[in-house]
Amino acid sequence: MDVLVAGAGPTGLMLAYELALAGVDVTVLERLDARLEQTKGGALQARTAEVLEMRGLLGPIQARELPREAVGGHFAGLSVPLDATSWNTRHPYPISVPQWIVEEELERAAVARGARILRGAEVTAVAQDGEGVTVTAGGTTLRARYLVACDGAHSTVRKVLDVPFPGRPGTFRAVLTDVRLSSVSDQVPVTAGHFSTLTKQGDDYWGMLVPVGEKKYRFTFGRDGVASPDETQDALTALYGEETRLGEVLNASEFGDATRQLESYRYGRIFFAGDAAHIHPPFGGQGLNLGVQDAFNLGWKLASAVHGTADVLDTYQTERHPMAARVLRHTAAQRVFALPGASEDVVELREIFTDLMRLPDSNRYLAGMMSGLDASDRIPDLELVTDDGPTWLSALLHPGRALLLDFGTRTWPTTGSSRVNVVQVKPDGEHDALLIRPDGVLIASGMSQVEKRVSYS
């Protein structure tokens, strides 16, 4: 076997799809027997939508999007929506979709490409040598050339290997639950809107009810001290009045705001991605998105190593570690504004910062940071015209291979590299030639630079 992936969450399943697409023999090990249909990780940020679009995976997910106002994201729950429209994206608004739906669609796509998903297979032992990794999971021993730990914040792989997870503990615990309500007051929202319009405080509780369809709600709440799942009705009453009555708790879990990050994402033949590599406060809905983008970066690199065509695995650390570190910083900063019980000084600072967010340049900066659209290596989804008609750059990246766009009439040798798709497009008055990685990152621009980076024989 080529690669084992621990964890069938969005990160692990995105990685499995990428590897299977590249012809890699991949198996995903998942400790749960069945997927938990909990409405967590409820939004895809713009950059994640672009990533999924590059593989043709966004459509089925977006078709199951929950009703939501077309409104931008938020910073620290402040009242000014973030406007990402100036970042030249086809997806300027967060897409409201539960994590389990993302998982379901990614798993369907990965399995269709040949990936295997083993459920009820919890990792209990890991050992590696110079040739590969041996993993015991669900009472079975498996052998692969590489292992990628995508098994979440409480990563078993990380613990088995005794890998340090430096950072700082959280400052609060809260509850995330899916509920049905038997009756509602006029304070219960009918549709999902901007984050700032949904949050409430009362009687030491803070929380948020979000309608998620089929008469269900996602209810997030906490209070001074530590909230527990059995406080659900008390929290509903405190925040939404006596008329709001709990009908059924469908599921419940607790979460916190600890901040931690591995110093290295690679330990020999073992890699870490998603929450197994970094955790942070939940502000701004960053976790699922960061993990999917980790997998998108690592997938083609790992496939190249398996096939022996390139050794770029160390660039996973250099490219993705800083991205997560930045998220850890800005989510920690948001905690100052977002946590309830703010001091009078913080309240005044919040008002000043809200005014700053109304300035176009400030808003654009925050929108780019929170959406992921300000990544320095990002190339927008260009609208192109080929001999077959108009298309988008993202559509040309569906095969998961490097792409050479020639905006002229140069004839490229047909006996060249099988790792690069060459597409001739009509001149756009701006570009000459572009060489783009399988993950949509620009390698070279201009014919002379492209020729230096592509070997043809």
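**Close-up views of a predicted model**

Strands β10 and β16 (residues 259–261) pair in the antiparallel sense, over two bridges. This is a predicted model: local features need pLDDT of at least 70, side-chain atom pairs count only at pLDDT 80 or more, and totals for chains, interfaces and linings use all residues. Residues are numbered from 1 along each chain as its sequence is written, and side-chain values use heavy atoms, with hydrogens and water left out.

**View 1. The open sheet β10-β16-β19.** Three strands make up this open sheet, in the order β10-β16-β19, with antiparallel pairing. Its edge strands are β10 (167–168) and β19 (278–279), and each pairs on one side only. G167 has R260 of β16 as its bridge partner. Strands (E, at least two residues) and helices (H or I, at least four) are DSSP runs, numbered from the N terminus. Two strands pair if DSSP finds at least two bridges between them.

View 2. β24 (433–436) and β25 (442–445) are joined by three bridges in the antiparallel sense. L435 has A444 of β25 as its bridge partner. Five residues lie between the strands of this hairpin, where G440 takes a positive phi near 80°.

**View 3. The largest nonpolar core.** This core has 87 residues, and V3 and L405 touch the most other members. Helix α8 (residues 287–307) gives the most to this core, with ten residues. Apart from it lies another core, of 16 residues, with V80, V346, M370 and L373 among them. A nonpolar core is a set of buried Ala, Val, Leu, Ile, Met, Phe, Trp, Tyr and Cys residues joined through side-chain atoms within 4.5 Å. Buried means under 20% relative accessible area, exposed over 50%, and partly exposed in between (1.4 Å probe, protein chains only).

**View 4. The surroundings of L405.** Which residues does L405 touch, not counting residues up to four places away in sequence? They are L384, L393, L396, V423, V425, D432, A433, L434 and I436. Contact means heavy atoms within 4.5 Å.

View 5. D294 and R320 form a salt bridge, with their closest N and O atoms 2.8 Å apart. D294 lies in helix α8 and R320 in helix α9 (residues 314–338), so the pair ties together parts that are 26 residues apart in sequence. Both D294 and R320 are buried. A salt bridge is a side-chain nitrogen of Lys or Arg within 4 Å of a carboxyl oxygen of Asp or Glu. The structure holds 24 of them.

View 6. The closest N and O atoms of the E319–R437 salt bridge are 2.9 Å apart. Since E319 lies in α9 and R437 in the loop between β24 and β25, the pair ties together parts that are 118 residues apart in sequence. E319 counts as partly exposed, at 24% relative accessibility. R437 counts as buried, at 10%.

**View 7. R245 and E242.** These side chains meet in a salt bridge (4.0 Å, N to O). Are the two residues buried or exposed? R245 counts as partly exposed, at 34% relative accessibility. E242 counts as exposed, at 59%.

**View 8. Helix α9 and its kink.** A kink of about 25° lies at R320, shortly before the proline P322. The bend at a residue is the angle between axes fitted to the seven residues ending there and the seven starting there. The 25 residues of α9 should span 36 Å at 1.5 Å a residue, and its end C-alpha atoms are 36 Å apart, which agrees. The expected span of a helix is 1.5 Å times one less than its number of residues. P322 counts as partly exposed, at 42% relative accessibility.

**View 9. Helix α1 under cover.** α1 (residues 10–21) has twelve residues and should span 16 Å; its end C-alpha atoms are 16 Å apart, in agreement. The helix is mostly covered: twelve of its twelve residues are buried. Among them are P10, T11, Y17 and E18. Just after α1, G23 takes a positive phi of about 80°.
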